[in-house]
Amino acid sequence: MSAEPKKPVSEKKVTAKKKKDQLDPTSIQCRASDPLVSAWVTASAGTGKTKVLTDRVLRLMLNGARPEEILCLTFTRAGASVMTNRIRDELGTWASCDRAALEKKIKKLNGSKPSEEMIKRARQMCAEFLDAHGGMRIQTIYSFSQSLLRRFPIELGVPPYFDVMDNQTAAEALREAQAEVLRHLQHKPNSRLAKSVAMITPEVSEDDFVSLISEITYRRGQLLSLFEEYGGMEKTIDAVYEYLNAPRGYTSKMLHDALHSDQGLNNEAPDLESLKEAMNILSTGSASDQEKASILKDWLGSKPEERSDFYREYEAIFLTTKGDVRKRLTTKATQGAEDAMRIEADRIWRGIDKVRDMNAARGTNLLCG
Amino acid sequence: MSDSKKTSSVYTIPAFQPFLETVAKGILDKAGNDPLQLADFTILVPDRETGFALRRAFSGQLEGKTSIMPQIGVPGDLDDELLSLKISDNAALSKRLMKLQPAVSRLHRQLILADEILKIPGMASSQQKAIKLGGELGKFLDEVQRHSVDLTDIEKLVPDAFKDQWSKTADFLEIITKTWPEKLKKMGRIDPEIRKNEILRIQADHWKESEPGNPVIALGFYEAFPAMQSFLKSVLNMSKGSIILQGFDRDLDLESQNVLTSVHPQYALKSLLKNLSVDYKDVQLWEADPIIDRSFIRAPNLDKTNKEREKLLREAMRPAGTTEGWTKFKVPEKKTKRSARKNSKIIKRKPPTTIDVQALNGLDFITCGTSQEEASVIALKMRESLEQPGRKVSLVTADRSLARRVSARLRNWQIKVPDEAGIPLSKTSVGIYLLSTASMAANEWAPVSILETLKHPLSTMGEEKKTFRKKVSVLEDLAFHGARPGTGPKGVKGVLTAAFNRAARNPKHRLTKEELEIQKTEVESFVQKLEDTGKDFFGKMKKRNAVPFKDLLDAHIIFAEAMACDDKTSGADRIWCGDDGVKATRFLTSLREVSEMVPAMTGRAYLDVLQGLMQGVTVRTAVTSHPTLRIMTPAQAQLLTADIVILGGVNDDVWPQQVNENPWLSPDMIKKLGLPAPEEAIGREAHRFVQMSSNPNVMLTRAMRSGDAPSVSSPFLTRLMMVLRAAGLEFAVEKKTRLLDIHTAMHVPVKVEPILPPKVTPPVSLRPKELPVTAIQTLMRDPYSVYVKYVLKLSPKAPLDASPNVSEKGIFTHDALDAFVKKYPKDLPENAEEELLKIGRQTFKDRINNPTVRAFWWPRFERIAKWFVTFERERREMSRVLATEIRGKLEIDMGDGVFTLTSIADRLDRDENDKIAIIDYKTGAVPSQKSVALGFSPQLTLEALIAFTGGFKGIDAADVGKLQYWKLSGGRPAGEVTSLQGDIENFVAEGRTGVESLIKAFNKKTTPYLPVPRAEWAPRYNNTEHLSRIGEWGKVKKVNNRKKPKKPTLAKKRKGGK
């Protein structure tokens, strides 16, 4: 439908074009509703997407398709109802309007004058459509999937005659199940599951745990196929470490220690000399410059193994609380320190990024382990 | 059909005739109008309800004359003894009957099937689900057997391409194709449908050989399975046998006859006739003129209306293959100008059909917005009809929630009209009572389950109702609000002891010591009595091992009865009465009969099984509950008449309902097996629609929305509208708005005015003269909360079975640290961390068994302990602990009296400069420096003020050097110290002016306790929002706020005032 080149058209032209669309069976809408082509239609609200779909259904039926051979899926119940009602209304008109009007309608839709046979068929389509219970399916994708599950429960491995839980019941059931699992684990502290739960629960709050587990249950299909792809859980964890290029067996403290050492992380050593210079320049600047200078001084003045006390303050000079590099590291008066500060900021940012990757990988390990 | 016989023993009664009345009158006519001759007739009806209704119809037609009723029976329902008596002269048939094994009860079958289902992994997640699935399998078996279908060779029906996939289903179905028949054989029983079919055949064969001399009439049969067909055939073959159909359309055109499909209302009747080898032309009209009250009929010419309505409905239901005929109507020219103009263009054809506008006399359509509105309109219509005594109104709907709504609306006017479709036993009062008593035992007195039992109207435990209720309410407050007690009576007793100990220690408790003592004895003996009453049952239900089902059932019934007796009546008499009680007795009796064959199970499984079974038992209210008003399903209403018929919920997927997916067989297999196609259900509903829409007074209603989506109207209704449109009658359908208008007047307010924020100004004498420092913060952020807590003296009740909440976590941590620091005020021991953890374990007590506490709080506490001990060791080299959890106060002179500011400081230390450090442990968020500076978080500042003035007990006035929050989150880091920056003396001075002006302001009659005067400083937790109804005026206020410049509030004034 978006095949036509977009041209800025004036208000007047739009109406003119609209008229043309109505009269011209080769208009875009008509092309999109041609049952012989596959079409992908995107358009803004109210521009006639449903009409294209409705037309398509009508044309399919007009050209001999039985209603039960057609499946229309929507994402909302409202969408399904609107579409059903539109098709019914149109077919209702076809069933009762006079012949000339019907011929005109079909010609507009199908592009050619209808045969006697087609007129008769058009007249019958309404009742055929109404009779086709469970044949012509216009429904949401959810109810369609459900009907498949209901029809083939054994094949698909679900209990026959299952009930569908609403969201609230499901949330309650999940909570209940979690409590049950946690309670159960108290009796089996040495089980693998107990160990892995014991590793996670101190890291997340009880509310976050619920959403975490919900997320995992929700995506269990994806997770399982991931495990399958990489040949098991262990290998998937390896792949995550590899993908993030995260070192194994490190804690975030170890990485922080390295980052603040004279050697730096990943052989990216801090330029201590330039930093000293920057400190000197900053100490002549504004109050905030001076504060930075004093933190720099403390940091530079301590032995690398003692620097752990200053991590937060030191990193906060360069990074925002969100973890981005600060836009302003120096003021006008202390411009001279800018380059050295910028280089250190980038180094710290990369280091923290590595810590984040490592944490992500470790999180995966905890969850899966 | 034997050719020697007359060809005319099949009759029909048109849809617009009241069916049973016409039948009765016709039979009476045939009996020569001699009521005593009626006894010669044998009448066969499809079900018992129809039988009752027919008897009533006879009495109506007899107009009080004395009579002997004809024999009315349901085929196949015949008592064995009666049948054997009838066929006693036929040796062969007698032998067949003797050989017939007794039928297994459906309940028994369901239980056994459920047991088999549970043996297959993944088929059912619980006993309850297995029971449900067992019931469904049973129904499937019934359906298959009723149609005399054999499932043994079912695999052969599957196309090769699907063999593999289907083999799984086939394996599962072995439960009914192999396992079940073997079990049945061993039991020496047969399935109920098989037995019923054989009885029908014996009866048919009997009549074949010895025809009764008196007339036999079968009526109201619509569709027939093979055994019923041969039975009906035997009726037809009698010289005096006849069949009366309901609403067979003799005038349906031949073309339509030939193309009609299974969704057509005439489809089943057509196939019935075909199976009985009766030509449709041979169906005669059953002519009779029943006596009916016509005073309510609106149509001026009823015969004409009936004829036209019949035509209209026939056209509406026209098979799809002939609907091009809809355009052949002759449209009345004069009706509207618009249609006239349109018609002028048509190439005129011969108009073979017309439908007169009289078809619409008495046929109303009402389209409502929502189903609530629809229910209201229907209820109004029913209520209105009561103004004319004797007028019978039936609501017929396939939508049970609509039925429930209408019933509820009528109840508002003290009119009791139950939905005759009935409800599952598990949802009735008695059902709930039985399930809750079992649940209380299975869940070992878990708060919700025990209260469900105790608060059920049937529970009285041998006492007078009122006293019993009082005791329950006391027990509830003491034991079940807040954290869950330990399991069983022991747990509850433990909680009670603790609660009474606490009450005894509380000097401000509203009860005196003596009163508490009395209450204690009373409650404890109550709990003891409850324990004794159910001892046997509770014991059996909590066993981890399986207990024989029968033992559980018997113990349950004994407990339920003992629980239900009051001071006058026995429990049995109170439970087993009413519709639900009677049904429950019947259900439990049949369950008991098979209980020895049910495998042993645990208490939990027992509850599950009971629940599953009771969901499948339907309780119907006695039909005669209201003399003129009824609410029914289309199936129940089909053969009955009413003066006004309301067809409600005429929407798609409601009427007709969506056809259920058959999980066992494909449509193709269904067809090949000879089972009825699922669509036939639609044809049957269409027939009901036509029948009921043919009544002289019909109101069709539907709602435009269902839930959150627009609805789609029923295809039946859409077809009707199509024909009206085609016939040019669309414009003749009146828009009925009167009832909707009444509804609007009753339920929609003319004007909606939101309330304003409350401005409570209690007299000064009632305002608090003492507040803790923590309340000062609330007084600034949300004065209304202070009003609720300290003026109204309301505090929230803990929820039932409360899950661990944030404040509880704070209390544990505080208490543990307090105890630890108190124990080691100077030097920490070697194993300080271990010691702290030990203290922690004591503080957490039973709560540590809660999974959440154990998994989430405890590891955090462990980290807090580690951090705390490390930090503390270092700290104590510089400073020493002065006091923990110490009370302090400050008196403020207000001119007309003294106001006391109180405080319990978490901890006071003496720092290296010999100044006091005030420390507050925070397990939640720490107030920002800004909010402290602005005075919105004055807790530490005010505590400093108290320290300055020497208000802390046993601690001399001294300078305060540090104000610190210790954030103890137990996260990473586990602890963090925030010292307030700035000049403490200045803070304290500002704090003093601030609190004084605040207290003085609230010491005036004119100062209102406003709820959340400044949204940006709203407290984080607020449990009075529902009382101040902030949800109603909150939005309004925000709009105002945006328009006006910010008003200076107390906090700002305080700053400026300095």
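A quick definition before the first stop: two strands count as paired when DSSP finds at least two bridges between them. Keep in mind that this is a predicted model.

**Stop 1: the sheet.** Head to chain B and pick out β7, β13, β12, β8 and β11; in that order, these five strands make an open sheet with parallel pairing. At the edges sit β7 (363–368) and β11 (629–632) of chain B, each pairing on one side only. From one strand to the next, the twist averages 15°. Now zoom in on β8 (residues 393–397) and β12 (residues 644–648) of chain B, which run parallel and are joined by five bridges. Val393(B) is a handy place to look across: opposite is Ile644(B) in β12(B).

**Stop 2: aromatic rings.** Over all chains there are 34 aromatic pairs. Select Phe844(B) and Phe861(B): their ring centres are 5.6 Å apart and the planes meet at 55°, so this pair is tilted. Phe844(B) belongs to helix α34 (residues 832–844) of chain B and Phe861(B) to helix α35 (residues 851–875) of chain B, so the pair ties together parts 17 residues apart in sequence. Both are buried, Phe844(B) at 3% relative accessibility and Phe861(B) at 2%.

Next, select Phe871(B) and Trp966(B), an edge-to-face pair because the planes are at 90°, with centres 5.1 Å apart. Phe871(B) is partly exposed at 27%, while Trp966(B) is buried at 0%.

**Stop 3: chain A.** Finish at Arg150(A), whose charged end sits over the ring of Phe162(A), 4.3 Å from the ring centre.

Definitions and conventions: Residues are numbered from 1 along each chain as its sequence is written. Chains are lettered from A and ligands numbered from 1 in the order in which they are written. This is a predicted model: local features need pLDDT of at least 70, side-chain atom pairs count only at pLDDT 80 or more; totals for chains, interfaces and linings use all residues. Side-chain values use heavy atoms; hydrogens and water are left out. Helices (H or I, at least four residues) and strands (E, at least two) are DSSP runs, numbered from the N terminus. Axes are lines fitted to C-alpha atoms, for helices over the stretch in contact, and angles run from 0 to 180 degrees between N-to-C directions. Rings of Phe, Tyr and Trp (its six-membered ring) pair if their centres lie within 6.5 Å; planes under 30 degrees apart count as stacked, over 60 as edge-to-face and the rest as tilted. Buried means under 20% relative accessible area, exposed over 50%, partly exposed in between (1.4 Å probe, protein chains only). A charge sits over a ring if NZ of Lys or CZ of Arg is within 6 Å of the ring centre and within 35 degrees of the ring normal.
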